[in-house]
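I opened the model and kept notes on what I looked up. The entries follow in the order I made them.

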Amino acid sequence: MEKKGKKVKEKQFSAKEFTICDATAQMLERTHKDGVSTVFERAADMKPCPIGSDSACCKHCSMGPCRLNAKDPYSKTGVCGATIDTIQARNFARMVASGAAAHTDHGMSMLDIFREVVTGKIKDYQIKDPIKLIEVAKAIDIETEGRSIEEIAKDLYEELERTYTQVEGEIPFVKRVPEATVETWRKLGIVPRGAMREIMETMHRTHIGVDQHYENITLQFCRCALSDGWGGSMVATEISDILYGTPSAVLANVNMGVLKEDYVNVIIHGHEPNLFESMLASVNDPALIEAAKEAGAKGINVAGMCCSGTEVLSRHGIPHAGNFLSTEYVLATGAVDAMGVDVQCIMQGLSTVAKCYNTFLFTTNPRAKIEGAEHIELDEHNPKKCTDEIVIRAIARFKNRKVKVEIPQIVNPGIHGFSHEYIKYALGGTFRASYKPLNENIINGRIRGLAGVVGCTNPRVKHDYVHVELVKELIKKDVLVLQTGCSQIALAKAGLLVPEAAHLAGDGLAEVCETVGMPPVLGLGSCVDNSRILIAASEVVKTGGLGNSLADVPVAGAAPEWMSEKAISIGQYFVASGVYTVFGVTFPTVEGTKFHELLFSGLEKMGLGCWGFAEDPYEMAKLMIAHIDKKRKALGIDKARERVLFDMAARREMDAAA
Ligand code: NFS
């Protein structure tokens with residue numbers, strides 16, 4: 001399923017061909033004019049390798065690399081005799097392992113900080129949300145009655161450490177999974193033991209000459225992915241909430257217009273919230289604000305990008321400047337005085353762009369340095385030392401700005417911060433917080449079903465376009481959309497994260513949104529916060545009336561512009577949890593092979609979810625809605641929806657006649 005790259009010819013260059021984000025387009029025009037290499041133009045110059053994108057090659061040993069023929073996949077094997085199915089399954093498994101490693105390593109860092117906070121060795125971060133701490137502890141059967149926060153926190157640390165280090169048994173958050181789903185996992189032998197073990201075993205089994213049955217490899221990468229979704233990612237989310245606060249609805253601005261020409265502008269980009277939380281302390285430090293004013297600025301302005309940005313957007317309403325594909329272009333404004341980054345989704349190209357626009361790019365994490373970027377390490381025991389230094393350097397750059405500042409004057413307000421806890425309050429009210437109203441509205445058909453639309457942006461497709469069109473189409477058909485990460489930012493820029501966007505929804509969904517006062521598109525946070533979607537879906541099952549397992553719920557997932565291995569891990573844990581999940585852009589399998597069939601239908605027959613693929617957003621929506629309707633039918637609630645729709649049509653007719 002290969003996509004062709006297109007060569008950009010000088011005279012026909014038009015930034016709007018690459019993105020529907022006007023701010024990004026404006027800055028792409030600028031970088032193009034300035035001759036600065038950026039991601040869209042690099043993608044146009046670099047045709048993707050067709051064999052690689054079909055996953056028909058293997059370079060796991062030096063007898064190869066071996067290339068098979070995707071057009072006639074069974075005509076050849078690798079030198080060792082590996083078939084196309086083995087090769088694809090091994091490649092796919094390693095993508096899952098890498099993505100799962102990224103999320104679980106992120107989660108483990110959060111847990112490290114939590115341990116140091118609990119033992120009093122870190123003082124700059126604290127337990128900000130003790131209620132959440134107690135809730136999470138209860139969810140995994142830790143005794144909370146009559147115990148101090150410190151005692152509970154210590155136990156919670158020890159329990160959650162098992163998510164990573166346990167060698168036998170089930171990871172703690174399996175206790176949150178609906179029983180019928182866990183039973184299916186147990187039958188298949190895919191309940192994760194500990195993330196380290198699952199990732200290690202996946203790497204072992206995909207080595208030359210080990211596991212050479214695509215079905216067996218698939219079961220292992222299901223288990224590995226589950227150790228991410230219900231393990232590493234969930235730990236990352238829960239510990240971040242405990243330390244920095246559980247998000248609730250907050251109005252905030254998104255887009256490059258959040259930069260301010262007469263302020264010192266600092267951007268934080270990456271994933272772990274620790275850097276950003278410390279930066280918030282630094283930019284609010286009166287001494288640094290004074291220093292900025294002395295340098296002629298009105299103050300210090302901080303904004304986020306990518307998932308780091310989405311974390312603090314959700315928790316504190318901090319403005320967000322854009323998603324993955326906008327990260328180089330924001331530097332082209334000339335207004336960014338310093339960009340601090342930690343881990344993941346940080347393009348190496350940023351280093352060159354930063355130099356061209358005379359700004360600072362600082363790496364801060366020992367696991368992620370970039371050639372050409374200065375490293376100021378964040379030590380969580382004294383994080384402000386790093387973030388103060390970044391601000392001081394930003395102030396110095398402000399004083400000596402050499403580049404003409406051009407800020408696209410676009411900001412899009414929206415409501416963010418829909419944690420699964422907040423969704424409960426929003427729907428049920430503070431005193432009877434519950435998912436019951438959601439279930440009732442799904443059962444009576446006002447809400448057709450739920451969709452999680454998440455993930456990256458990718459220059460192989462028009463930036464933001466597939467996200468926005470897919471989500472619009474889903475809400476039009478009464479599907480309530482839950483979002484995270486770059487996708488959430490795409491929709492915020494398109495203006496859909498406001499209650500007024502309810503008019504774009506179908507009658508049923510619009511009615512629910514108007515009654516509750518919520519947008520038809522709910523932003524749940526960063527990519528690790530996809531775990532919030534898992535918890536919300538489990539709550540829906542536990543609330544009753546919509547089946548016993550996650551596979552019964554009328555829900556579908558999508559990552560329409562995915563690009564990273566993390567996205568594959570996320571997709572796979574949704575699939576293994578029972579959710580039909582559609583990806584766009586390209587899919588790393590050869591159609592018609594046994595492995596492809598297993599992913600696209602076989603897994604569903606085993607009681608899990610399955611994968612889907614479409615490039616076109618309307619086609620994607622069709623696939624997802626067909627799945628939702630299939631689940632409604634199986635639950636026997638398909639007729640209810642027809643009645644509701646008929647009622648509404650009748651009411652509209654009456655309104656029109658009146
Ligand atoms: Ni997730 Fe993709 Fe990255 Fe966040 Fe954005 S690119 S897999 S959404 S920033 S992790």
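**Notebook: backbone, domains, ligand, helices**

I began with Asn358, which sits in the loop between helix 14 (349-356) and strand 8 (360-363). Helices (H or I, at least four residues) and strands (E, at least two) are DSSP runs, numbered from the N terminus. The phi of Asn358 is near 55°, a positive value in a residue other than glycine.

I noted that this is a predicted model, in which local features need pLDDT of at least 70 and side-chain atom pairs count only at pLDDT 80 or more, while totals for chains, interfaces and linings use all residues. Residues are numbered from 1 along each chain as its sequence is written, and side-chain values use heavy atoms, with hydrogens and water left out.

Next I looked up Pro65, in the loop between strand 1 (57-58) and strand 2 (66-67). Gly64 and Pro65 are joined by a cis peptide bond, with omega about 0°.

I then listed the domains: domain 1 (6-45), domain 2 (84-244), domain 3 (256-399) and domain 4 (415-657). The bounds come from an automatic or database domain assignment. The centres of domain 1 and domain 4, taken over C-alpha atoms, are 32 Å apart. In contact (heavy atoms within 4.5 Å) are 10 residues of domain 1 and nine residues of domain 4. These two domains bury about 720 Å² between them, 68% of it on carbon and sulfur atoms; buried area is the accessible area (1.4 Å probe) that two parts lose on being put together, summed over both.

Which residues are closest to the ligand? I found Cys307, Cys345, Cys456, Cys486 and Cys527, in a shell of 14 residues, counted if a heavy atom lies within 4 Å. Helix 12 (306-316), helix 19 (485-493) and helix 22 (565-577) each give two or more residues to this shell. Domain 3 and domain 4 both contribute to the shell, so the ligand lies between them.

Last, I checked helix 9 (residues 214-244) against helix 21 (residues 530-543): they pack at about 100° with axes 8 Å apart. Axes are lines fitted to C-alpha atoms, for helices over the stretch in contact, and angles run from 0 to 180 degrees between N-to-C directions.
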